Amino acid sequence: MIRSLLRRLARAPVAIDDSAWHAALQAVPFIARFSEAEYERLRALVSRFLATKEMAGAGGLELTAAIQLHIAIQACVPVLELGLHWYRGWTSIVVYPAQFTVPRRRTDDIGVVHEYEETLSGEAWEGGPLIVSWDDAARAGRAPSPYSVVIHEFAHKLDMLDGDADGCPPFDPKLHVGMSRAAWQETLHDAFARFSAELDLIEAELPPHIDPESEAADPYYAHLPLDAYAAQSPAEFFAVSSEAFFVDAARLQLAFPDWYALLARFFRQDPLARNMTP
Ligand SMILES: [Zn+2]
């Protein structure tokens, strides 16, 4: 009895004071066109999110209440019309001050083990923690970075809710009436194939003196409707598309209208229509 009471108390929504809430909203430009009702629902969701997820600073980051609030707001946008239970099965969010390196180990086809380090701005483990760089999270939706590492990693969490990250999240029979995995896969793979072909074309046209990994190549990749990283796999295509869906909706819709429409049915939101409302 006492334990269940304590558990309930521990999970009571976190109160967010008005000035902190309004300051945090100002820092997330891609939700500037939310309606009053949406802000209200977002605030309630964020309060419960902060009560149920545990954030920890790493790499010397002092995890302030403002940082936690900012990350929680971005994280709750994708599930605004789905509910917090779509982030079930894990609790920890680790926040680094900036990009972080992780040790990797890979055995190649002939059995040679390669050990190396990878620099990341975010990572999501199946059933485990979600990790983000605060420096990257804070720049979400701001030029020259129209992306959101928070939405990216939380999209991976939605995808992994039914197992491996394959770019197809589970559907709810009530919320996603008429949606099927087969139709999703078809639309996803069609958009993914077209995007990959576009990327191949750009890489083939890169002048030989330009290193594809260097900043000098950026103006060439800027012609793509999504970050080139989306071509890594269907799972990354879904995560990068989810960022674009909320942060740069018009561009995504123009490039992949069917895919955009499907994402709108899944998230049960239409950011483009919201942005066009006078
Ligand atoms: Zn990813």
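Reply: Since this is a predicted model, what follows describes computed geometry. The part to look at is the packing of helix α9, residues 234-247, against helix α11, residues 257-267, whose axes lie 11 Å apart and meet at an angle of about 80 degrees. Because an angle from 65 to 115 degrees counts as roughly perpendicular, α9 and α11 are roughly perpendicular to each other. From α9 the contact draws on Ser241, Ser242 and Phe245, while α11 brings Trp259, Tyr260, Leu263 and Phe267. By class, the residues of this contact are five nonpolar and two polar, with no charged residue among them.

To place this pair, one can turn to the division of the chain, which consists of domain 1, residues 1-154, and domain 2, residues 166-278. The C-alpha centres of the two domains are separated by 21 Å, and the domains touch through 14 residues of domain 1 and 15 residues of domain 2. On the domain 1 side of that contact, nine residues are nonpolar, three are polar and two are charged.

A single residue gives a further point of reference. Glutamine 68 belongs to helix α4, which runs over residues 65-76, and it counts as buried because it has 20 C-beta neighbours inside 10 Å. Leaving aside residues up to four places away in sequence, glutamine 68 touches Leu50, Met55 and Leu63. Between glutamine 68 and proline 169 the separation is 101 residues in sequence, and their C-alpha atoms are 26 Å apart in space.

For the chain as a whole, 12 helices and six strands are assigned. Its radius of gyration is 20 Å, close to the 19 Å that the globule rule gives for 278 residues, so the chain is as compact as a globular protein of that length. The C-alpha trace spans about 65 × 45 × 35 Å along its principal axes, and buried residues make up 32% of the 278 residues. Among contacts with a separation of 6 or more, 64% are between residues 24 or more positions apart.

To return to the part you asked about, the crossing of α9 and α11 is described by an angle of about 80 degrees and an axis distance of 11 Å, and the side chains named there, including Phe245 of α9 and Trp259 of α11, belong to a contact without charged residues.

How values were computed
Residues numbered from 1 in each chain as written. Predicted model: local features only at pLDDT ≥ 70, side-chain atom pairs only at ≥ 80, totals over all residues. Domains from an automatic or database assignment. Contact = placed C-beta atoms within 7 Å. Nonpolar A, V, L, I, M, F, W, Y, C, P; charged D, E, K, R; others polar. Axes fitted to C-alpha atoms, helices over the stretch in contact; angles between N-to-C directions. Helix = DSSP H or I, 4+ residues; strand = E, 2+ residues; numbered from the N terminus. Parallel < 35°, antiparallel > 145°, perpendicular 65-115°, else oblique. Rg over C-alpha atoms; globule rule 2.2 N^0.38 Å. Buried ≥ 20, exposed ≤ 12 C-beta atoms within 10 Å, placed from the backbone.
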